[in-house]
Amino acid sequence: MKRIPIFGILVLLMPVAAFAQKSKIPTFSQYPAKVEKARAKAIDFKHSYGAGTFRTRLNNGLREGVNFAGHYIVVGWGCGTGCISGAVIDARNGRVYFPNAFHDIGVWYDDNGYTPEPVKYKKNSRLFVISGISGDQEERSDDNNIWGDYYYEWKGDGLNLIRFVPRKRTNEQ
């Protein structure tokens with residue numbers, strides 16, 4: 001008889017534990033990547049649609065070497081006031097990817113300037129963090145609901161959203 005109430009309590013607590021796990025902020029160590037010494041000889045412009053437009057930035061990034069997810073290179077550039085864009089180069093073969101999330105990112109600013117790190121990533125992790133408005137937000141009519149930290153996992157040729165944590169822009173607080 002004593003087992004039934006204890007079992008019932010455990011069953012009721014399981015969803016609470018699952019919710020608590022989902023609410024945790026992803027960390028770089030949760031998405032490890034083995035760092036390689038991959039070095040493509042050139043950018044693969046033939047198989048990377050749109051890469052020719054950013055030829056100089058991509059070639060410079062390729063020379064700098066791996067800085068993301070084991071064998072990738074993140075390259076970024078400005079696209080106007082409060083806006084950045086970028087691409088991801090596979091250092092094994094020179095192929096270039098343009099993830100939607102990394103296109104026209106809205107970067108917030110306040111009296112102290114722009115956010116210091118609108119994009120965060122590490123050489124030994126597949127986690128990619130955007131602070132501001134992710135480029136894959138098509139409707140931006142109510143910016144206050146989409147400003148925040150976007151946590152993505154790199155999966156071979158794209159960014160998959162893991163978690164979004166909304167927050168207010170500093171100049172509105």
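A salt bridge is a side-chain nitrogen of Lys or Arg within 4 Å of a carboxyl oxygen of Asp or Glu. In this predicted model, Asp 44 forms such a bridge with Arg 95, with 3.7 Å between the closest N and O atoms. Asp 44 is placed in the loop between H1 and H2, and Arg 95 in the loop between S2 and S3, so the pair ties together parts that are 51 residues apart in sequence. With a relative accessible area of 16%, Asp 44 is buried, whereas Arg 95 is partly exposed, at 28%.

Three salt bridges were found in a search of the whole structure. In another of them, the side chains of Arg 92 and Glu 36 meet at 2.4 Å, N to O. This pair also links distant parts of the chain, 56 residues apart: Arg 92 belongs to the loop between strand S2 (83–90) and strand S3 (96–97), and Glu 36 to the loop between helix H1 (3–22) and helix H2 (55–64). The relative accessible area of Glu 36 is 28%, which makes this residue partly exposed.

Arg 126 and Glu 153 also meet through their side chains in a salt bridge, with an N to O distance of 2.7 Å. Because Arg 126 lies in the loop between strand S7 (119–121) and strand S8 (127–132), and Glu 153 in strand S9 (residues 148–154), the pair ties together parts that are 27 residues apart in sequence. Arg 126 counts as partly exposed at 24% relative accessibility, while Glu 153 is buried at 13%.

Strand S9 is also part of a hairpin. The strand runs antiparallel to strand S10 (residues 159–166), and seven bridges join the two. Within this pairing, Asp 149 has Val 165 of S10 as its bridge partner. Four residues stand between the strands of the hairpin, in which Gly 156 adopts a positive phi near 75°.

The largest nonpolar core holds 21 residues, of which Phe 68, Tyr 72, Phe 128, Ile 130, Tyr 152 and Trp 154 touch the most other members. Strand S1 (72–78), S8 and S9 are the elements that give two or more residues to this core. S9 provides the largest share, three residues. For Tyr 72, contacts beyond its neighbours within four places in sequence are made with Val 66, Asn 67, Val 88, Ile 89, Asp 90, Ala 91, Tyr 97, Trp 154 and Gly 156. Another core, of 14 residues, lies apart from the largest one and includes Val 66, Ile 73, Ile 89 and Val 96.

A disulfide is a covalent bond between the sulfur atoms of two cysteines. One disulfide was found in a search of the whole structure. The bond is formed by Cys 79 and Cys 83, whose sulfur atoms are 1.9 Å apart. The torsion about the S-S bond of Cys 79 and Cys 83 is about -80°, so the disulfide is left-handed. Cys 79 is partly exposed, at 33%, whereas Cys 83 counts as buried, at 17%.

Notes: Residues are numbered from 1 along each chain as its sequence is written. This is a predicted model: local features need pLDDT of at least 70, side-chain atom pairs count only at pLDDT 80 or more; totals for chains, interfaces and linings use all residues. Side-chain values use heavy atoms; hydrogens and water are left out. A disulfide is a pair of cysteine sulfur atoms within 2.5 Å. Buried means under 20% relative accessible area, exposed over 50%, partly exposed in between (1.4 Å probe, protein chains only). Two strands pair if DSSP finds at least two bridges between them. A nonpolar core is a set of buried Ala, Val, Leu, Ile, Met, Phe, Trp, Tyr and Cys residues joined through side-chain atoms within 4.5 Å. Contact means heavy atoms within 4.5 Å.
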